[in-house]
Amino acid sequence: MSDAIRPAQRLWTGDYYNEGSGHADPFDTLREECGVFGVFGHAEAASLSYYGLHALQHRGEESAGLCTTDGADFHYHRGMGLVKEVFDRDKLSSLRGDRSIGHVRYSTSGDSKLTNAQPLIFKYRDGDLAVATNGNIVNAPKIRHELEQSGSIFQTTSDTEVIAHLIARSPKDFVEAAKDALGQLVGGFAFLLLTNDKLIAASDPNGLRPLVMGRLGDAYLFSSETCAFEVVGAETLREIQPGEMLVLDRDGLREERYAEPQRKALCAMEYIYFARPDSDMNGSNLHASRKRMGQVMAQESFVDADVVTGVPDSSISAAIGYAEQTGIPYELGLIKNKYTGRTFIQPSQELREQGVKMKLSAVRRVVEGKRVVMIDDSIVRGTTSRRIVNLLREAGATEVHVRITSPPFKNPCFYGIDTPDRGELIASYKTVEEICREINADSLEFLSPEGLIQAVGGENAKDYKGGLCMACFDNDYPTRTDFDGEEKFGCTC
């Protein structure tokens with residue numbers, strides 16, 4: 001930092017730009033979890049992983065890391081910041097080998113530091129072990145306490161370290177030890193485990209966190225989203241099934257299972273908000289699903305208006321669907337400034353309020369004198385919705401009708417999404433009418449749970465709740481969430 005720049009002038013907190021990303025963001029939207037990418041059997045494993053992680057950048061902006069192996073030695077690099085900031089040509093060229101696992105991270109526990117950046121690397125009796133995960137282990141504090149009581153020493157505050165200790169303490173071979181370790185975990189998680197001669201991919205028994213397998217030539221690839229396969233020219237093969245564990249080594253690919261599949265419950269917010277619109281999940285394209293959410297929303301909650309606009313970027317698809325269904329013109333009434341970053345943190349409340357206008361602008365010529373339908377994906381605390389409604393009013397909108405393409409968000413997530421305490425979720429203590437007044441809208445409606453399931457569709461449409469976890473809406477959690485009286489939510493992956 002230049003001597004001419006005093007600390008009070010800094011436009012972010014901490015030692016680097018993305019530290020604590022989102023914790024004080026002027027937008028109170030939900031925060032992404034993490035993203036993983038793996039390669040087995042390709043000479044350019046590090047480069048493929050670099051591009052794959054770049055495609056998954058939206059899932060975590062605080063840190064990035066890669067670990068590769070040539071079957072003998074581990075080579076790895078991790079750093080704080082964006083993928084393009086952490087890696088350069090020299091660092092990538094030093095990551096030799098035809099196998100790799102990579103990770104982009106967003107922390108929600110406040111422990112935003114290099115020691116928690118993944119993949120985590122360990123030495124144990126059978127050699128080297130690297131671990132990368134997306135999600136949250138609900139019973140990690142309980143397991144951690146038991147391990148510490150029996151002598152284990154933890155180097156990080158990450159949930160992910162728990163599985164390494166469980167594997168290291170097992171007398172069984174690596175594959176069987178990994179099965180036993182995974183079987184002790186409760187929560188939503190997608191794991192990539194790399195040793196000197198094996199790569200393991202595993203999904204939790206409910207399939208709460210997405211993980212897909214692809215193919216590029218003779219190489220196998222793994223990713224949190226299919227959009228990363230498109231970037232590197234790989235073919236998507238299939239999703240990793242709940243409770244499944246795939247083992248890749250010199251003998252090829254083995255499909256095994258460490259737990260019986262439980263109720264299918266992929267996070268509904270992946271469809272509503274988190275995943276990129278060019279990704280596919282459970283046989284359904286995210287853009288198409290979001291368009292259907294807008295169409296079903298129009299059927300459930302039509303309002304006469306002059307223009308429809310969506311809050312960038314996650315609500316654009318739904319806004320297009322709403323406009324197509326109603327015949328009301330879709331317009332770009334709100335524009336996002338792409339160069340402020342998702343994690344811009346202001347040093348004062350006054351600048352935090354101004355930060356909304358720095359990240360989002362209303363197009364006066366589009367909304368002035370118009371009745372506007374504003375489509376958004378969710379309402380968390382309500383502060384963001386109020387600010388955006390007021391932006392539209394300040395630009396001359398005569399009416400602002402808010403339509404949310406998810407049910408009211410009432411409950412915290414225990415499986416890897418950063419959510420406030422229940423008491424901070426506005427829908428948990430206010431009625432729809434009260435929220436409408438709070439955000440200064442002329443009307444407010446939410447998509448029904450049935451409408452959401454109908455819109456998502458896909459291969460699991462006939463399953464219980466369409467194969468979705470909707471606990472944040474209805475308090476129906478697919479796993480146990482309380483261990484020794486402690487409920488743990490958010491993500492420390």
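Tyr-50, Tyr-51 and Phe-87 are linked into a cluster by ring pairs. Rings of Phe, Tyr and Trp (its six-membered ring) pair here if their centres lie within 6.5 Å; planes under 30 degrees apart count as stacked, over 60 as edge-to-face and the rest as tilted. That rule gives a count of nine aromatic pairs. For Tyr-50 and Phe-87, the ring centres are 6.3 Å apart and the planes stand at 85°, so this one is edge-to-face. Tyr-50 sits in helix α1 (residues 45-55) and Phe-87 in the loop between α2 (83-86) and α3 (89-93), so the pair ties together parts that are 37 residues apart in sequence. Helices (H or I, at least four residues) and strands (E, at least two) are DSSP runs, numbered from the N terminus.

A word on what we're looking at: this is a predicted model, where local features need pLDDT of at least 70 and side-chain atom pairs count only at pLDDT 80 or more, while totals for chains, interfaces and linings use all residues. Residues are numbered from 1 along each chain as its sequence is written, and side-chain values use heavy atoms, with hydrogens and water left out.

Now for the annotated spots. UniProt, in an unreviewed entry, puts a "binding site" at Ser-314, Asp-376 and Asp-377. These positions span 64 residues in sequence, yet no two of their C-alpha atoms are more than 7.8 Å apart, so they gather at one spot. The unreviewed entry also has an "active site" annotation, and that covers Cys-34. UniProt positions follow the numbering used here, feature names are shortened, and annotations may be inferred rather than shown by experiment.

How buried are these residues and the two rings? Buried means under 20% relative accessible area, exposed over 50%, partly exposed in between (1.4 Å probe, protein chains only).

| Residue | Relative accessibility | Class |
|---|---|---|
| Cys-34 | 0% | buried |
| Asp-377 | 3% | buried |
| Phe-87 | 4% | buried |
| Asp-376 | 6% | buried |
| Tyr-50 | 14% | buried |

As for where they sit, Cys-34 is in strand β1 (residues 34-40), Asp-376 belongs to strand β20 (residues 371-376), and Asp-377 is in the loop between β20 and α13 (383-394).

Contact means heavy atoms within 4.5 Å. Setting aside residues up to four places away in sequence, Asp-376 touches Val-311, Ser-315, Arg-403, Ile-404 and Thr-405. The side chains of Asp-376 and Ser-315 are joined by a polar contact of 3.2 Å. A polar contact is a pair of N or O atoms within 3.5 Å; within protein, one must be able to donate a hydrogen and the other to accept it, and residues adjacent in sequence count only if both atoms are side-chain atoms.

On to the sheet around β20. Four strands make an open, parallel sheet in the order β17-β20-β21-β22. At the edges stand β17 (307-310) and β22 (443-446), each with a single partner strand, so one side of each is left without a neighbour in the sheet. On average, neighbouring strands are turned by 20° against each other, direction ignored. Two strands pair if DSSP finds at least two bridges between them; β20 and β21 (residues 399-404) have six, in the parallel sense. Asp-376 has Ile-404 as its bridge partner in β21. Helix α13 lies across β20 and β21, running at about 150° to β21. Axes are lines fitted to C-alpha atoms, for helices over the stretch in contact, and angles run from 0 to 180 degrees between N-to-C directions.
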